Amino acid sequence: MQKTTRSYREGAKRVAPLAPASASFGVAYGVLAVTAGMGVLAPIVMSATTFAGAAQFAAASVIRDGGSVLAAVGAAVLLNARYLAISVAIAPAFRGSRLRRLFESQLLVDESWAVSQVGGGRIERRMLIGAGALLFPCWVGGTALGVFGGDVLGDPKRLGLDAAFPALFLVLLITLTVSRRAIIAAVAGGLIALALLPITPAGVPVIAAGAVCLAGLRGR
Amino acid sequence: MSTTWLVVLLVGAFTIAFKATGPVLLGGRELPSRMTDAFELLAPSLLAALVVTQAVGGKEAIVLDARLVGVAAAIVAVRLRAPLIVAIVVAAVATGLVRAL
């Protein structure tokens with residue numbers, strides 16, 4: 001029991017430094033969504049159901065620019081496609097009824113996945129849930145604040161909060177990447193993303209980098 | 001249905017399905033060892049790609065800006081054995097300071 005509490009709490013604790021960044025980007029998304037003409041309810045519903053920053057910003061930008069439904073959905077789906085690979089990879093960690101697994105899986109975001117890594121590509125489910133459960137109200141609450149209160153916090157970039165995300169991922173990358181194969185995968189993934197960044201739509205660089213792991217099927 | 005609600009509905013449905021696929025369909029079962037071997041490399045390759053896209057990503061472009069200073073500061077902090085939370089705060093503060101200059 002002691003360990004259980006600690007694991008949920010440990011996940012929340014590890015992701016806590018990102019909570020202010022998540023909330024203020026939630027506000028920024030709410031402001032953008034209202035400007036884009038999405039109304040007040042839709043952006044909040046989207047934050048609660050989609051719960052993925054980059055995809056929501058992309059969809060709102062397309063709507064603002066008068067793009068089609070297909071363009072908005074396509075951009076967002078491309079950005080979130082990586083979650084399909086991640087969800088299959090972390091599947092063994094989930095227990096309990098199907099309904100429970102469905103709800104718990106929705107707390108998967110890059111940040112909760114990253115902080116719950118326990119090495120060898122495995123995650124600790126409780127840490128992922130603890131981390132996701134902390135970020136979810138920040139993101140949805142931030143969105144509501146942005147929708148109703150407007151630009152109360154100013155641009156999160158002014159405070160450098162956009163640097164918090166790559167910093168978290170990099171620190172975890174350094175900590176987790178110990179084996180030779182993992183280092184090669186990290187270097188390859190980073191280079192692929194860098195090469196594709198200027199020439200492909202958002203989302204593709206990350207998916208392509210993830211595909212590097214398929215090389216692991218034949219390696220060894 | 002309005003464009004907005006159609007987008008909210010479709011993106012939500014796709015994303016929920018993406019996140020749920022593994023846990024709902026394969027939850028609690030061990031994956032074949034060949035797949036586990038591959039997924040072992042998913043974390044480093046995806047994390048590295050997230051670092052790149054979030055540190056230098058722009059609108060289909062590489063953008064070098066104050067974020068790099070923050071990320072570099074975080075590396076220094078980690079090298080000095082600072083805990084994760086400190087490294088992340090250092091990254092944000094360094095980036096914010098450069099932008100304020």
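The axes of helix H12 (residues 204–211) of chain A and H3(B) come within 8 Å and cross at roughly 155 degrees. That makes H12(A) roughly antiparallel to H3(B), because angles over 145 degrees count as roughly antiparallel, those under 35 as roughly parallel, those from 65 to 115 as roughly perpendicular and the rest as oblique. Axes here are lines fitted to C-alpha atoms, for helices over the stretch in contact, and angles run from 0 to 180 degrees between N-to-C directions. Helices (H or I, at least four residues) and strands (E, at least two) are DSSP runs, numbered from the N terminus.

This is a predicted model, in which local features need pLDDT of at least 70 and side-chain atom pairs count only at pLDDT 80 or more, while totals for chains, interfaces and linings use all residues. Residues are numbered from 1 along each chain as its sequence is written, and chains are lettered from A and ligands numbered from 1 in the order in which they are written.

**The contact of H12(A) with H3(B)**

H12(A) passes H3(B) in a right-handed crossing; a crossing is right-handed if the near helix is turned clockwise from the far one by less than a right angle, and left-handed if anticlockwise. From H12(A), the residues A:Pro205, A:Val206, A:Ala209 and A:Gly210 meet a set in H3(B) that includes B:Leu42, B:Ser45, B:Leu46 and B:Thr53. Two residues are in contact if their C-beta atoms, placed from the backbone, lie within 7 Å. This contact divides into eight nonpolar, three polar and no charged residues. Ala, Val, Leu, Ile, Met, Phe, Trp, Tyr, Cys and Pro count as nonpolar, Asp, Glu, Lys and Arg as charged, and the others, Gly among them, as polar.

| Helix pair | Axes come within | Crossing angle |
|---|---|---|
| H3(A) and H1(B) | 9 Å | roughly 5 degrees |
| H5(A) and H1(B) | 9 Å | roughly 25 degrees |

H3(A) is thus roughly parallel to H1(B). In this pair, A:Ala42, A:Val45, A:Met46 and A:Thr49 meet residues of H1(B), among them B:Trp5, B:Val8 and B:Ile16. The contact of H3(A) with H1(B) has seven nonpolar, three polar and no charged residues.

H5(A), which covers residues 69–80, is likewise roughly parallel to H1(B), and the crossing of H5(A) and H1(B) is right-handed. Residues of H5(A), including A:Val69, A:Val73 and A:Asn80, meet residues of H1(B), including B:Leu6, B:Leu10 and B:Phe14. The classes in the contact of H5(A) with H1(B) are 11 nonpolar, three polar and no charged residues.

**The whole contact and chain B**

Between the two chains, the contact takes 87 residues from chain A and 68 from chain B. On the side of chain B, helices H1 (3–26), H2 (33–40), H3 (42–56), H4 (66–79) and H5 (84–100) each give two or more residues. H1(B) gives the most, with 20 residues. By class, this side of chain B holds 44 nonpolar, 15 polar and nine charged residues.

Chain B has five helices and zero strands. Its radius of gyration (taken over C-alpha atoms) is 19 Å, well over the 13 Å that the globule rule gives for 101 residues, so chain B is more spread out than a compact globule. The globule rule is 2.2 Å times the number of residues to the power 0.38.

**Confidence**

The mean pLDDT (the predictor's confidence in each residue, from 0 to 100) of chain A is 92, and 96% of its residues reach 70 or more. Within chain A, confidence is lowest in helix H1 (residues 2–15), at a mean of 83, and highest in helix H3 (residues 41–49), at 98.
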